[in-house]
Amino acid sequence: YPITTYLVMVAISNYIEITSLSDTYNAMPLTYFCYPEHLGLAEYQFAQVYDLIDLFSDKLGEYPFIGEKHASIEIPMGSSGMEHQTITCVNDETMGRPIGEFPMRVIVAHEVAHQWFGDWVTMKTWDDIWLNEGLATFFQFYYREAFGEISAVIEKLQIFNTDMFGDSYMNSIYVRDISDPFAHSGAIYFKGSWVVHMLREMIDDDVLFFSILEAYLADFSYGNVQTSDFRIAFEDGMGVPLVSYFDQWIYTPYWPIYSIIYEKSSTAGGYKVDINVQQLQEHYIVDIDEIPLRDYYIMPLTFTVHYTDETSETFTVTNDQSNQCFQLLTTKEPDYTVFDESRDMLKEVSSEEGSDDDGIFVDGDGNGIPGDNPCEDGVTENCDDN
């Protein structure tokens, strides 16, 4: 098979071959090597390799090197793992840690996913390394969802939010200084995986989502790609332009900051929830050339209305202004409303306040303060009925 030169490696040690694990996948050899003193640990850490290859083959297309092999091995290395072509390599010191002390199986899944994203299809330059690492990071979480270890990818991604990786997320996913392409690895790996996750949520159809990824990989198999290739693949599959989405999430540093105010009231034949959305971030959205475009993010936003009968309903609106008003019409009486209740979007919420029929806004601490409806006619110029 064609190979990118940085994926070539040779490892020599007093290895022993692990023979207790699955030794073939669709007639392709599966082999595993470890240091003699790590045999029991390596058996556990590599036990899911067959299932990982089977899962990713089902979602992304057949293992790209099916005519050769897949090996799993530990080596002395500075990072936790590396996706050498047809060989998943993991750090030997980490392999030697007690089971449960370090999530080695997650690293194994990450490196196996790289056989598709990085080895089968490789970025053209280091600027687009997120096409390798962001996708592999998404799939290191997705496998746990698919195997029932977590209920959804977002459960893991939520811990990699702006509180944990804010310093790194202040940089763009697109690498602008390729002399040190991994300087902001939090953005490349975890913010990059957020980008993939949010696309999945926007599509809201896993069959379509994975078919887009499979077509993208097949179109560029054993070749090189850049971010625009990935964007066009999703535009073709979704049938919508995504230039704004990629400008704001790939080429722009930081993240959006929202202030949300709600007011519920009665209407003829039902109820309404007026929502005022303000974006407070001070940076501009830029394109690949860092040309300023606008000062707001364009995103679908979800609001979950909880009713007094203890049921709920989720509405989706398109936020395409820095200060915008929406109106949700309901037949049930609203109790309270929550923005992005599933926390499916990378963001920061500066404040989120509601009000009752008397115009008393309730802040996050439950304190009542008098206020005006920010969505009254004449107060804002844009009120969308949903």
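Predicted model: local features only at pLDDT ≥ 70, side-chain atom pairs only at ≥ 80, totals over all residues.

Tutor: Residues are numbered from 1 along each chain as its sequence is written, and side-chain values use heavy atoms, with hydrogens and water left out.

Student: What kind of aromatic pair do Trp-126 and Phe-182 form?

Tutor: Rings of Phe, Tyr and Trp (its six-membered ring) pair if their centres lie within 6.5 Å. Planes under 30 degrees apart count as stacked, over 60 as edge-to-face and the rest as tilted. Here the centres are 6.0 Å apart and the planes at 65°, so the pair is edge-to-face.

Student: How many residues apart in sequence are the parts that this pair ties together?

Tutor: Trp-126 lies in the loop between β7 (121–123) and α5 (130–146). Phe-182 lies in the loop between α7 (162–169) and α8 (185–203). Helices (H or I, at least four residues) and strands (E, at least two) are DSSP runs, numbered from the N terminus. The parts tied together are 56 residues apart.

Student: Is Arg-231 buried or exposed?

Tutor: Buried means under 20% relative accessible area, exposed over 50%, partly exposed in between (1.4 Å probe, protein chains only). Arg-231 has a relative accessible area of 18%, so this residue is buried.

Student: Which residue has its charged end over the ring of Tyr-44?

Tutor: A charge sits over a ring if NZ of Lys or CZ of Arg is within 6 Å of the ring centre and within 35 degrees of the ring normal. Here the charged end is 3.8 Å from the centre of the Tyr-44 ring, and it belongs to Arg-105.
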